[in-house]
Amino acid sequence: MPAALRSAPALPAPLTAAGRNALPWLLPVTVLLGWQAAVSTGIVSNRFMPAPLDVVRAGIAAARSGELWTNLGVSTLRALAGFAVGGSIAFALGLANGLSRLSERLTDTTVQMVRNVPHLSLIPLVILWFGIGEEAKLFLVALGVFFPIYANTLHGIRSVDPALVEMGRVYGMSEAELFRRVILPGALPSIFVGLRYALGIMWLTLIVAETISASSGLGYMAMQAREFMLVDVVVLAILIYAALGKIADALTRVLERACLAWNPAYRTV
Amino acid sequence: MLLDALAPDAARRVADAQALDGRALPRAAAPGSGIAVTIRDLRKSFDDHAVIGGLDLHLPAGSFTAVVGRSGCGKSTLLRLILGLEEPTGGRILLEQKDGTRRDGAPKRIMFQEPRLLPWARVLDNVAVGLTGHGKKAWRRERARAALEEVGLSDKAGQWPATLSGGQRQRVALARALVSRPGLLALDEPLGALDALTRIGMQELIERIWRAQEFTALLVTHDVGEAVALADRILVIDEGRIALDLRVEVPRPRRRGDPDLARLEGRILQYLLHGPGREEKPSQGELA
(Lines give C-alpha, C1' and ligand atoms only; values in the text may rest on other atoms or scores of the structure.)
Protein backbone atom coordinates (compact mmCIF):
# COMPACT_ATOMS: atom_id res chain seq x y z
CA MET A 1 0.00 0.00 0.00
CA PRO A 2 2.14 2.85 -1.25
CA ALA A 3 -0.24 5.55 -0.05
CA ALA A 4 -0.10 4.36 3.54
CA LEU A 5 3.67 4.10 3.35
CA ARG A 6 4.01 7.65 2.18
CA SER A 7 2.14 9.45 4.93
CA ALA A 8 1.83 8.75 8.63
CA PRO A 9 -1.74 8.93 9.98
CA ALA A 10 -2.46 12.63 10.07
CA LEU A 11 -3.89 14.34 13.13
CA PRO A 12 -6.53 17.06 12.69
CA ALA A 13 -4.80 20.37 11.96
CA PRO A 14 -5.48 22.18 15.29
CA LEU A 15 -4.25 19.15 17.22
CA THR A 16 -0.95 18.98 15.29
CA ALA A 17 -0.38 22.68 15.88
CA ALA A 18 -1.01 22.33 19.61
CA GLY A 19 1.22 19.27 19.68
CA ARG A 20 4.03 21.12 17.99
CA ASN A 21 3.84 23.94 20.50
CA ALA A 22 3.67 21.59 23.48
CA LEU A 23 6.52 19.36 22.35
CA PRO A 24 9.43 21.42 23.75
CA TRP A 25 7.74 21.44 27.19
CA LEU A 26 7.15 17.70 27.34
CA LEU A 27 10.57 16.89 28.77
CA PRO A 28 10.78 19.59 31.48
CA VAL A 29 7.25 18.85 32.69
CA THR A 30 7.98 15.13 32.92
CA VAL A 31 11.18 15.79 34.86
CA LEU A 32 9.31 18.11 37.22
CA LEU A 33 6.56 15.58 37.87
CA GLY A 34 9.09 12.78 38.41
CA TRP A 35 11.06 14.98 40.79
CA GLN A 36 7.96 15.85 42.82
CA ALA A 37 6.99 12.19 42.98
CA ALA A 38 10.50 11.11 44.02
CA VAL A 39 10.61 13.56 46.92
CA SER A 40 6.98 13.04 48.04
CA THR A 41 7.41 9.28 48.21
CA GLY A 42 10.66 9.67 50.15
CA ILE A 43 12.93 8.10 47.52
CA VAL A 44 15.01 11.31 47.66
CA SER A 45 15.48 13.03 51.02
CA ASN A 46 14.18 16.60 51.02
CA ARG A 47 17.31 17.61 52.92
CA PHE A 48 19.29 17.26 49.68
CA MET A 49 16.68 18.19 47.16
CA PRO A 50 13.47 20.05 47.93
CA ALA A 51 10.32 19.13 46.08
CA PRO A 52 9.26 21.56 43.33
CA LEU A 53 6.29 22.58 45.44
CA ASP A 54 8.63 23.43 48.35
CA VAL A 55 10.64 25.64 46.04
CA VAL A 56 7.46 27.39 44.93
CA ARG A 57 6.48 27.87 48.57
CA ALA A 58 9.94 29.28 49.37
CA GLY A 59 9.58 31.63 46.43
CA ILE A 60 6.21 32.87 47.62
CA ALA A 61 7.53 33.38 51.14
CA ALA A 62 10.58 35.28 49.92
CA ALA A 63 8.41 37.39 47.66
CA ARG A 64 5.98 38.17 50.49
CA SER A 65 8.73 39.25 52.85
CA GLY A 66 10.18 41.50 50.16
CA GLU A 67 13.60 39.88 50.55
CA LEU A 68 13.45 38.38 47.07
CA TRP A 69 12.64 41.67 45.37
CA THR A 70 15.31 43.60 47.24
CA ASN A 71 17.99 41.07 46.33
CA LEU A 72 16.78 40.73 42.76
CA GLY A 73 16.79 44.51 42.38
CA VAL A 74 20.27 44.86 43.85
CA SER A 75 21.66 42.14 41.57
CA THR A 76 19.98 43.48 38.43
CA LEU A 77 21.25 46.97 39.10
CA ARG A 78 24.78 45.70 39.60
CA ALA A 79 24.63 43.64 36.44
CA LEU A 80 23.33 46.49 34.32
CA ALA A 81 25.75 49.05 35.78
CA GLY A 82 28.73 46.80 35.11
CA PHE A 83 27.41 46.00 31.66
CA ALA A 84 26.90 49.66 30.82
CA VAL A 85 30.40 50.64 31.92
CA GLY A 86 32.29 47.70 30.41
CA GLY A 87 30.09 47.44 27.34
CA SER A 88 30.32 51.08 26.35
CA ILE A 89 34.10 51.23 26.79
CA ALA A 90 34.44 48.02 24.78
CA PHE A 91 32.11 49.25 22.05
CA ALA A 92 33.97 52.55 21.75
CA LEU A 93 37.36 50.85 21.64
CA GLY A 94 36.09 48.25 19.16
CA LEU A 95 34.85 51.03 16.87
CA ALA A 96 38.07 52.99 17.22
CA ASN A 97 40.25 49.98 16.47
CA GLY A 98 38.01 48.87 13.63
CA LEU A 99 38.19 52.26 11.95
CA SER A 100 41.75 53.35 12.73
CA ARG A 101 44.87 51.27 12.12
CA LEU A 102 46.82 53.53 14.45
CA SER A 103 44.44 52.97 17.32
CA GLU A 104 44.51 49.23 16.68
CA ARG A 105 48.29 49.06 16.61
CA LEU A 106 48.42 51.03 19.81
CA THR A 107 45.94 49.05 21.90
CA ASP A 108 44.99 45.72 20.37
CA THR A 109 48.02 43.73 21.55
CA THR A 110 47.49 44.92 25.12
CA VAL A 111 43.81 44.04 25.04
CA GLN A 112 44.58 40.58 23.68
CA MET A 113 47.09 39.98 26.48
CA VAL A 114 44.67 41.04 29.21
CA ARG A 115 41.96 38.93 27.57
CA ASN A 116 43.90 35.77 28.34
CA VAL A 117 43.66 36.38 32.08
CA PRO A 118 40.50 34.66 33.42
CA HIS A 119 38.74 37.64 34.91
CA LEU A 120 37.36 35.66 37.85
CA SER A 121 40.92 34.91 38.93
CA LEU A 122 41.12 38.57 39.86
CA ILE A 123 38.56 38.16 42.64
CA PRO A 124 41.15 37.98 45.49
CA LEU A 125 42.91 41.05 44.11
CA VAL A 126 39.65 42.90 43.64
CA ILE A 127 38.60 42.17 47.21
CA LEU A 128 41.92 43.56 48.39
CA TRP A 129 41.38 46.67 46.31
CA PHE A 130 37.72 47.39 46.83
CA GLY A 131 36.66 45.22 49.77
CA ILE A 132 33.26 43.62 49.22
CA GLY A 133 31.59 46.87 48.19
CA GLU A 134 29.77 47.70 44.99
CA GLU A 135 32.97 48.68 43.14
CA ALA A 136 34.29 45.12 43.26
CA LYS A 137 31.21 43.68 41.52
CA LEU A 138 31.00 46.51 39.03
CA PHE A 139 34.66 46.10 38.13
CA LEU A 140 34.38 42.36 37.60
CA VAL A 141 31.22 42.54 35.51
CA ALA A 142 32.62 45.38 33.41
CA LEU A 143 35.81 43.42 32.79
CA GLY A 144 33.85 40.27 31.93
CA VAL A 145 31.57 41.87 29.34
CA PHE A 146 34.41 43.93 27.85
CA PHE A 147 36.07 41.25 25.74
CA PRO A 148 33.16 39.72 23.85
CA ILE A 149 31.81 43.14 22.96
CA TYR A 150 35.21 44.50 21.99
CA ALA A 151 36.21 41.52 19.86
CA ASN A 152 32.89 41.24 18.03
CA THR A 153 32.57 44.96 17.36
CA LEU A 154 36.07 45.01 15.91
CA HIS A 155 35.42 41.91 13.84
CA GLY A 156 32.08 43.28 12.63
CA ILE A 157 33.62 46.49 11.37
CA ARG A 158 36.51 44.71 9.73
CA SER A 159 34.21 42.33 7.90
CA VAL A 160 32.03 45.00 6.29
CA ASP A 161 32.05 44.37 2.54
CA PRO A 162 34.71 46.71 1.05
CA ALA A 163 32.71 46.76 -2.20
CA LEU A 164 29.87 48.50 -0.35
CA VAL A 165 32.26 50.99 1.22
CA GLU A 166 33.64 51.80 -2.22
CA MET A 167 30.10 52.18 -3.52
CA GLY A 168 29.35 54.64 -0.71
CA ARG A 169 32.44 56.67 -1.55
CA VAL A 170 31.60 56.72 -5.28
CA TYR A 171 28.15 58.05 -4.43
CA GLY A 172 29.68 60.86 -2.44
CA MET A 173 28.94 59.83 1.13
CA SER A 174 30.89 61.75 3.74
CA GLU A 175 32.88 59.77 6.31
CA ALA A 176 30.10 60.24 8.86
CA GLU A 177 27.43 59.10 6.42
CA LEU A 178 29.55 56.17 5.36
CA PHE A 179 29.80 55.10 8.98
CA ARG A 180 26.12 55.55 9.74
CA ARG A 181 24.69 54.07 6.54
CA VAL A 182 27.22 51.42 5.55
CA ILE A 183 29.74 50.46 8.22
CA LEU A 184 27.63 50.36 11.36
CA PRO A 185 24.68 48.45 9.84
CA GLY A 186 27.14 46.05 8.27
CA ALA A 187 28.82 45.41 11.61
CA LEU A 188 25.56 45.02 13.52
CA PRO A 189 25.03 41.25 13.18
CA SER A 190 28.47 40.64 14.66
CA ILE A 191 27.91 43.23 17.40
CA PHE A 192 24.76 41.37 18.41
CA VAL A 193 26.70 38.13 18.73
CA GLY A 194 29.01 39.94 21.13
CA LEU A 195 26.06 41.34 23.03
CA ARG A 196 24.55 37.91 23.65
CA TYR A 197 27.86 36.46 24.81
CA ALA A 198 28.36 39.44 27.06
CA LEU A 199 24.95 39.09 28.69
CA GLY A 200 25.73 35.48 29.59
CA ILE A 201 29.07 36.46 31.05
CA MET A 202 27.44 39.35 32.90
CA TRP A 203 25.19 37.07 34.99
CA LEU A 204 27.88 34.46 35.48
CA THR A 205 30.39 36.99 36.78
CA LEU A 206 27.90 38.65 39.06
CA ILE A 207 26.69 35.42 40.62
CA VAL A 208 30.21 34.20 41.31
CA ALA A 209 31.21 37.55 42.75
CA GLU A 210 28.10 37.73 44.93
CA THR A 211 28.48 34.18 46.13
CA ILE A 212 32.04 34.79 47.24
CA SER A 213 31.78 38.26 48.67
CA ALA A 214 28.64 40.29 49.16
CA SER A 215 26.18 41.49 51.76
CA SER A 216 23.17 41.61 49.45
CA GLY A 217 21.98 40.24 46.12
CA LEU A 218 20.85 36.88 44.84
CA GLY A 219 24.20 35.19 45.33
CA TYR A 220 24.29 36.42 48.88
CA MET A 221 20.72 35.15 49.42
CA ALA A 222 21.77 31.68 48.25
CA MET A 223 24.85 31.63 50.50
CA GLN A 224 22.81 32.76 53.53
CA ALA A 225 20.31 29.97 52.85
CA ARG A 226 23.13 27.43 52.74
CA GLU A 227 24.25 28.51 56.22
CA PHE A 228 20.77 27.71 57.56
CA MET A 229 20.37 24.57 55.44
CA LEU A 230 17.44 26.15 53.57
CA VAL A 231 17.95 24.01 50.50
CA ASP A 232 14.67 25.18 48.93
CA VAL A 233 15.93 28.79 48.86
CA VAL A 234 19.22 27.65 47.32
CA VAL A 235 17.36 25.90 44.51
CA LEU A 236 15.07 28.92 44.16
CA ALA A 237 18.10 31.17 43.62
CA ILE A 238 19.48 28.82 40.98
CA LEU A 239 16.17 28.79 39.13
CA ILE A 240 16.02 32.58 39.21
CA TYR A 241 19.47 32.73 37.61
CA ALA A 242 18.24 30.50 34.83
CA ALA A 243 15.18 32.70 34.31
CA LEU A 244 17.25 35.90 34.26
CA GLY A 245 19.59 34.48 31.66
CA LYS A 246 16.65 33.38 29.54
CA ILE A 247 14.99 36.80 29.81
CA ALA A 248 18.19 38.61 28.76
CA ASP A 249 18.54 36.28 25.80
CA ALA A 250 14.92 36.74 24.75
CA LEU A 251 15.22 40.53 24.90
CA THR A 252 18.31 40.41 22.70
CA ARG A 253 16.44 38.26 20.22
CA VAL A 254 13.63 40.79 20.00
CA LEU A 255 16.17 43.56 19.45
CA GLU A 256 17.97 41.48 16.83
CA ARG A 257 14.79 40.80 14.91
CA ALA A 258 13.93 44.49 14.94
CA CYS A 259 17.37 45.69 13.85
CA LEU A 260 18.26 42.93 11.42
CA ALA A 261 14.93 42.47 9.67
CA TRP A 262 16.72 42.94 6.34
CA ASN A 263 18.81 39.85 6.90
CA PRO A 264 17.12 36.64 5.71
CA ALA A 265 18.83 34.75 8.56
CA TYR A 266 16.89 36.75 11.16
CA ARG A 267 13.61 37.23 9.40
CA THR A 268 10.52 36.16 11.29
CA VAL A 269 7.94 34.00 9.51
CA MET B 1 10.80 66.43 -20.97
CA LEU B 2 13.32 63.71 -21.48
CA LEU B 3 11.31 60.91 -19.99
CA ASP B 4 8.14 61.42 -21.99
CA ALA B 5 8.87 58.63 -24.38
CA LEU B 6 9.36 56.12 -21.61
CA ALA B 7 6.84 56.70 -18.92
CA PRO B 8 4.74 59.83 -19.00
CA ASP B 9 3.77 59.28 -15.42
CA ALA B 10 7.38 59.08 -14.32
CA ALA B 11 8.14 62.24 -16.26
CA ARG B 12 5.35 64.08 -14.51
CA ARG B 13 6.65 62.96 -11.15
CA VAL B 14 10.14 64.13 -11.97
CA ALA B 15 8.72 67.48 -13.06
CA ASP B 16 6.74 67.72 -9.84
CA ALA B 17 9.76 66.78 -7.83
CA GLN B 18 11.89 69.38 -9.56
CA ALA B 19 9.26 71.98 -8.88
CA LEU B 20 9.48 70.97 -5.24
CA ASP B 21 13.17 71.59 -5.10
CA GLY B 22 14.78 72.90 -8.22
CA ARG B 23 18.11 73.92 -6.75
CA ALA B 24 19.22 70.46 -5.79
CA LEU B 25 20.16 68.87 -9.09
CA PRO B 26 23.20 69.80 -11.13
CA ARG B 27 22.72 71.07 -14.64
CA ALA B 28 23.13 67.56 -15.98
CA ALA B 29 19.41 67.25 -15.36
CA ALA B 30 18.82 68.88 -18.73
CA PRO B 31 18.62 66.59 -21.78
CA GLY B 32 21.60 66.23 -24.06
CA SER B 33 23.97 66.93 -21.22
CA GLY B 34 26.48 64.17 -21.71
CA ILE B 35 30.02 64.73 -20.57
CA ALA B 36 32.83 64.57 -23.13
CA VAL B 37 35.93 62.73 -21.96
CA THR B 38 39.36 63.63 -23.27
CA ILE B 39 42.38 61.60 -22.24
CA ARG B 40 45.96 62.60 -23.00
CA ASP B 41 48.95 60.31 -22.57
CA LEU B 42 47.36 58.45 -19.67
CA ARG B 43 49.66 56.16 -17.74
CA LYS B 44 49.01 53.94 -14.75
CA SER B 45 51.38 51.51 -13.06
CA PHE B 46 50.94 49.21 -10.10
CA ASP B 47 54.26 48.41 -8.42
CA ASP B 48 56.33 49.30 -11.49
CA HIS B 49 54.09 47.17 -13.68
CA ALA B 50 52.56 49.39 -16.34
CA VAL B 51 48.86 48.60 -16.76
CA ILE B 52 48.13 51.54 -19.02
CA GLY B 53 50.96 53.06 -21.04
CA GLY B 54 50.42 56.35 -22.85
CA LEU B 55 46.78 56.21 -23.89
CA ASP B 56 45.01 58.96 -25.86
CA LEU B 57 41.26 58.91 -26.25
CA HIS B 58 38.33 61.21 -26.86
CA LEU B 59 34.76 60.23 -26.06
CA PRO B 60 32.26 62.75 -27.47
CA ALA B 61 29.37 63.79 -25.25
CA GLY B 62 26.44 61.43 -25.53
CA SER B 63 28.38 58.65 -27.27
CA PHE B 64 28.15 54.98 -26.37
CA THR B 65 31.56 53.33 -26.32
CA ALA B 66 32.36 49.75 -25.45
CA VAL B 67 35.76 48.61 -24.27
CA VAL B 68 36.66 44.96 -24.79
CA GLY B 69 39.84 43.05 -24.18
CA ARG B 70 41.27 40.02 -22.47
CA SER B 71 41.37 39.76 -18.67
CA GLY B 72 44.08 41.96 -17.25
CA CYS B 73 44.40 44.13 -20.35
CA GLY B 74 43.73 47.25 -18.31
CA LYS B 75 40.17 47.95 -19.42
CA SER B 76 38.70 48.06 -15.93
CA THR B 77 41.62 50.19 -14.76
CA LEU B 78 40.91 52.64 -17.58
CA LEU B 79 37.32 52.90 -16.46
CA ARG B 80 38.27 53.36 -12.81
CA LEU B 81 40.75 56.08 -13.80
CA ILE B 82 38.09 57.99 -15.75
CA LEU B 83 35.73 57.69 -12.78
CA GLY B 84 38.41 58.99 -10.43
CA LEU B 85 38.52 55.76 -8.41
CA GLU B 86 42.24 55.47 -9.14
CA GLU B 87 44.89 58.15 -9.42
CA PRO B 88 46.76 58.17 -12.74
CA THR B 89 50.53 57.76 -12.64
CA GLY B 90 50.78 60.27 -15.46
CA GLY B 91 48.74 62.08 -18.10
CA ARG B 92 45.47 63.98 -17.97
CA ILE B 93 41.79 63.17 -17.98
CA LEU B 94 39.47 66.02 -18.86
CA LEU B 95 35.70 65.91 -18.41
CA GLU B 96 33.68 68.59 -20.20
CA GLN B 97 30.02 69.40 -20.46
CA LYS B 98 28.65 69.94 -23.98
CA ASP B 99 28.54 73.71 -23.57
CA GLY B 100 32.27 73.73 -22.89
CA THR B 101 32.21 74.14 -19.13
CA ARG B 102 34.65 71.92 -17.34
CA ARG B 103 32.92 69.40 -15.18
CA ASP B 104 35.62 67.77 -13.15
CA GLY B 105 33.19 67.33 -10.31
CA ALA B 106 30.34 66.47 -12.66
CA PRO B 107 27.93 63.69 -11.80
CA LYS B 108 29.56 60.59 -13.15
CA ARG B 109 28.26 57.23 -12.11
CA ILE B 110 29.41 53.65 -12.26
CA MET B 111 27.50 50.40 -12.36
CA PHE B 112 29.58 47.56 -10.96
CA GLN B 113 29.50 43.91 -11.89
CA GLU B 114 27.72 43.21 -8.60
CA PRO B 115 24.70 45.34 -7.70
CA ARG B 116 26.32 46.50 -4.43
CA LEU B 117 23.00 47.39 -2.84
CA LEU B 118 22.86 48.07 0.89
CA PRO B 119 21.16 44.92 2.23
CA TRP B 120 19.79 46.87 5.22
CA ALA B 121 18.06 49.55 3.16
CA ARG B 122 14.77 49.13 1.32
CA VAL B 123 14.88 49.19 -2.47
CA LEU B 124 13.64 52.79 -2.58
CA ASP B 125 16.26 54.00 -0.12
CA ASN B 126 18.94 52.16 -2.09
CA VAL B 127 17.97 54.13 -5.17
CA ALA B 128 17.96 57.33 -3.12
CA VAL B 129 21.63 56.65 -2.27
CA GLY B 130 22.24 57.94 -5.82
CA LEU B 131 21.16 61.39 -4.64
CA THR B 132 23.39 61.50 -1.56
CA GLY B 133 24.12 65.12 -0.75
CA HIS B 134 21.28 66.53 -2.86
CA GLY B 135 18.00 67.97 -1.69
CA LYS B 136 15.69 66.94 1.12
CA LYS B 137 14.82 63.39 2.02
CA ALA B 138 11.23 63.56 0.75
CA TRP B 139 12.43 64.97 -2.54
CA ARG B 140 15.12 62.28 -2.87
CA ARG B 141 12.52 59.59 -2.34
CA GLU B 142 10.21 61.13 -4.89
CA ARG B 143 13.01 61.12 -7.48
CA ALA B 144 13.98 57.59 -6.50
CA ARG B 145 10.40 56.45 -7.05
CA ALA B 146 10.44 57.90 -10.56
CA ALA B 147 13.76 56.19 -11.32
CA LEU B 148 12.40 52.88 -10.08
CA GLU B 149 9.45 53.31 -12.38
CA GLU B 150 11.82 53.79 -15.32
CA VAL B 151 13.41 50.42 -14.68
CA GLY B 152 10.00 48.86 -14.13
CA LEU B 153 10.33 48.07 -10.43
CA SER B 154 8.02 50.57 -8.74
CA ASP B 155 6.15 47.71 -7.07
CA LYS B 156 9.35 46.62 -5.28
CA ALA B 157 10.05 49.98 -3.61
CA GLY B 158 9.37 48.74 -0.09
CA GLN B 159 11.19 45.40 -0.35
CA TRP B 160 14.55 44.35 1.01
CA PRO B 161 17.17 43.70 -1.68
CA ALA B 162 17.54 40.11 -0.44
CA THR B 163 14.07 39.31 -1.78
CA LEU B 164 14.88 40.36 -5.37
CA SER B 165 16.28 38.25 -8.19
CA GLY B 166 19.74 38.94 -9.61
CA GLY B 167 18.33 40.80 -12.61
CA GLN B 168 16.03 42.91 -10.44
CA ARG B 169 18.91 43.86 -8.16
CA GLN B 170 20.95 44.99 -11.14
CA ARG B 171 17.97 47.07 -12.30
CA VAL B 172 17.82 48.72 -8.88
CA ALA B 173 21.55 49.46 -9.21
CA LEU B 174 20.85 50.99 -12.63
CA ALA B 175 18.10 53.16 -11.17
CA ARG B 176 20.48 54.26 -8.41
CA ALA B 177 23.12 55.18 -11.00
CA LEU B 178 20.66 57.13 -13.13
CA VAL B 179 18.57 58.87 -10.50
CA SER B 180 20.97 61.83 -10.36
CA ARG B 181 20.89 62.21 -14.18
CA PRO B 182 24.62 61.66 -14.63
CA GLY B 183 26.46 63.05 -17.61
CA LEU B 184 28.67 59.98 -17.73
CA LEU B 185 27.69 56.42 -16.91
CA ALA B 186 30.43 53.82 -16.69
CA LEU B 187 29.34 50.20 -16.78
CA ASP B 188 31.91 47.74 -15.47
CA GLU B 189 30.65 44.39 -16.78
CA PRO B 190 27.30 45.05 -15.14
CA LEU B 191 25.56 42.10 -16.77
CA GLY B 192 28.28 39.48 -16.43
CA ALA B 193 26.56 37.61 -13.64
CA LEU B 194 23.10 37.46 -15.24
CA ASP B 195 21.58 34.66 -17.27
CA ALA B 196 21.39 35.10 -21.04
CA LEU B 197 17.74 36.15 -21.31
CA THR B 198 17.86 38.56 -18.38
CA ARG B 199 21.02 40.01 -19.91
CA ILE B 200 19.32 40.77 -23.22
CA GLY B 201 16.45 42.43 -21.39
CA MET B 202 18.91 44.55 -19.42
CA GLN B 203 20.81 45.52 -22.58
CA GLU B 204 17.59 46.75 -24.13
CA LEU B 205 16.74 48.68 -20.98
CA ILE B 206 20.16 50.34 -20.88
CA GLU B 207 19.95 51.25 -24.57
CA ARG B 208 16.46 52.68 -24.18
CA ILE B 209 17.40 54.85 -21.21
CA TRP B 210 20.64 55.95 -22.86
CA ARG B 211 18.75 57.10 -25.95
CA ALA B 212 16.28 59.01 -23.81
CA GLN B 213 18.76 60.65 -21.46
CA GLU B 214 21.73 61.13 -23.80
CA PHE B 215 24.43 60.63 -21.21
CA THR B 216 27.87 59.48 -22.29
CA ALA B 217 28.10 55.72 -21.80
CA LEU B 218 31.26 53.70 -21.38
CA LEU B 219 30.78 49.95 -21.17
CA VAL B 220 33.55 47.55 -20.20
CA THR B 221 32.68 43.99 -21.09
CA HIS B 222 34.01 40.53 -21.88
CA ASP B 223 31.01 39.86 -24.04
CA VAL B 224 31.83 41.01 -27.58
CA GLY B 225 28.24 40.34 -28.67
CA GLU B 226 27.00 42.73 -26.00
CA ALA B 227 29.52 45.36 -27.10
CA VAL B 228 28.46 45.27 -30.76
CA ALA B 229 24.77 45.23 -29.83
CA LEU B 230 24.98 48.35 -27.66
CA ALA B 231 27.87 50.56 -28.68
CA ASP B 232 28.55 53.12 -31.42
CA ARG B 233 32.22 52.51 -31.08
CA ILE B 234 34.29 49.63 -29.84
CA LEU B 235 37.77 49.91 -28.41
CA VAL B 236 39.87 46.77 -28.18
CA ILE B 237 42.47 47.26 -25.47
CA ASP B 238 45.61 45.19 -25.47
CA GLU B 239 48.47 45.62 -23.01
CA GLY B 240 47.29 49.03 -21.90
CA ARG B 241 46.93 50.47 -25.41
CA ILE B 242 44.08 50.88 -27.84
CA ALA B 243 44.70 48.11 -30.35
CA LEU B 244 41.53 48.52 -32.42
CA ASP B 245 39.12 51.43 -32.64
CA LEU B 246 36.00 50.40 -34.57
CA ARG B 247 32.84 52.28 -35.36
CA VAL B 248 29.57 50.37 -35.39
CA GLU B 249 27.37 51.99 -37.98
CA VAL B 250 24.40 49.70 -37.75
CA PRO B 251 21.22 51.74 -37.23
CA ARG B 252 19.16 51.37 -34.07
CA PRO B 253 17.09 49.63 -32.98
CA ARG B 254 19.45 46.80 -33.78
CA ARG B 255 18.15 43.36 -34.48
CA ARG B 256 19.75 40.44 -32.66
CA GLY B 257 21.61 38.25 -35.14
CA ASP B 258 22.09 41.07 -37.67
CA PRO B 259 24.75 39.81 -40.17
CA ASP B 260 26.78 43.04 -40.02
CA LEU B 261 26.93 42.85 -36.24
CA ALA B 262 27.85 39.18 -36.42
CA ARG B 263 30.68 39.91 -38.86
CA LEU B 264 32.04 42.65 -36.63
CA GLU B 265 31.78 40.42 -33.59
CA GLY B 266 33.65 37.67 -35.41
CA ARG B 267 36.41 40.05 -36.37
CA ILE B 268 36.93 41.31 -32.84
CA LEU B 269 36.89 37.79 -31.43
CA GLN B 270 39.43 36.75 -34.04
CA TYR B 271 41.68 39.56 -32.93
CA LEU B 272 41.27 38.76 -29.25
CA LEU B 273 41.96 35.06 -29.75
CA HIS B 274 44.77 35.17 -32.28
CA GLY B 275 46.25 38.62 -32.06
CA PRO B 276 46.83 41.30 -34.72
CA GLY B 277 47.33 40.37 -38.37
CA ARG B 278 45.23 37.23 -38.13
CA GLU B 279 41.92 39.02 -38.41
CA GLU B 280 39.95 38.95 -41.65
CA LYS B 281 41.66 41.38 -43.98
CA PRO B 282 38.93 43.05 -46.03
CA SER B 283 36.91 44.20 -43.07
CA GLN B 284 39.07 47.29 -42.51
CA GLY B 285 36.92 50.25 -43.39
CA GLU B 286 33.89 48.12 -44.08
CA LEU B 287 32.27 48.88 -40.80
CA ALA B 288 34.98 51.00 -39.34
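## A hairpin, a sheet and a contact

In this predicted model, the bridge partner of Asp238(B) in β9(B) is Arg241(B).

Visitor: In which sense do β8(B) and β9(B), the strands of that pair, run?
Guide: Strands of a sheet pair through backbone hydrogen bonds, and they may do so in a parallel or an antiparallel way. The hairpin of β8(B) and β9(B) has two residues between the strands, and Glu239(B) takes a positive phi near 50° there. Six bridges connect β8(B) with β9(B), and the sense of their pairing is antiparallel.

Visitor: What is the order of the strands in the open sheet of chain B?
Guide: The sheet is open, has six strands and shows mixed pairing. One of its pairs is β3(B) with β8(B), joined in the parallel sense over four bridges, and Ala66(B) stands opposite Ile234(B) of β8(B). Neighbouring strands of this sheet are turned by 20° against each other on average, when direction is ignored. Read across the sheet, the order is β5-β6-β7-β3-β8-β9.

Visitor: Why is one side of β5 and of β9 in chain B left without a neighbour in the sheet?
Guide: The order of the strands is β5-β6-β7-β3-β8-β9. β5 (108–111) and β9 (241–247) of chain B each have a single partner strand, so one side of each lacks a neighbour in the sheet, and the reason is their place at the edges.

Visitor: Which residue stands opposite Ala186(B) in β7(B)?
Guide: Strand β6 of chain B covers residues 184–188 and runs parallel to β7 of chain B, residues 216–220, with five bridges joining them. Within β7(B), the residue opposite Ala186(B) is Leu218(B).

Visitor: What angle does the direction of helix α8 of chain B make with that of β8(B)?
Guide: Helix α8 of chain B, residues 259–274, packs on the sheet and touches β3 (64–68), β8 (233–238) and β9 of chain B. Its direction makes with that of β8(B) an angle of about 10°.

Visitor: How many residues on the side of chain A that touches chain B are nonpolar?
Guide: The contact takes 14 residues from chain A and 13 residues from chain B. On the side of chain A, the elements that give two or more residues are α8 (162–170) and α9 (175–212). Two residues of this side are polar and two are charged, while the number of nonpolar ones is ten.

Key:
Residues numbered from 1 in each chain as written. Chains lettered and ligands numbered in written order. Predicted model: local features only at pLDDT ≥ 70, side-chain atom pairs only at ≥ 80, totals over all residues. Contact = placed C-beta atoms within 7 Å. Nonpolar A, V, L, I, M, F, W, Y, C, P; charged D, E, K, R; others polar. Pairing = 2+ DSSP bridges. Axes fitted to C-alpha atoms, helices over the stretch in contact; angles between N-to-C directions.
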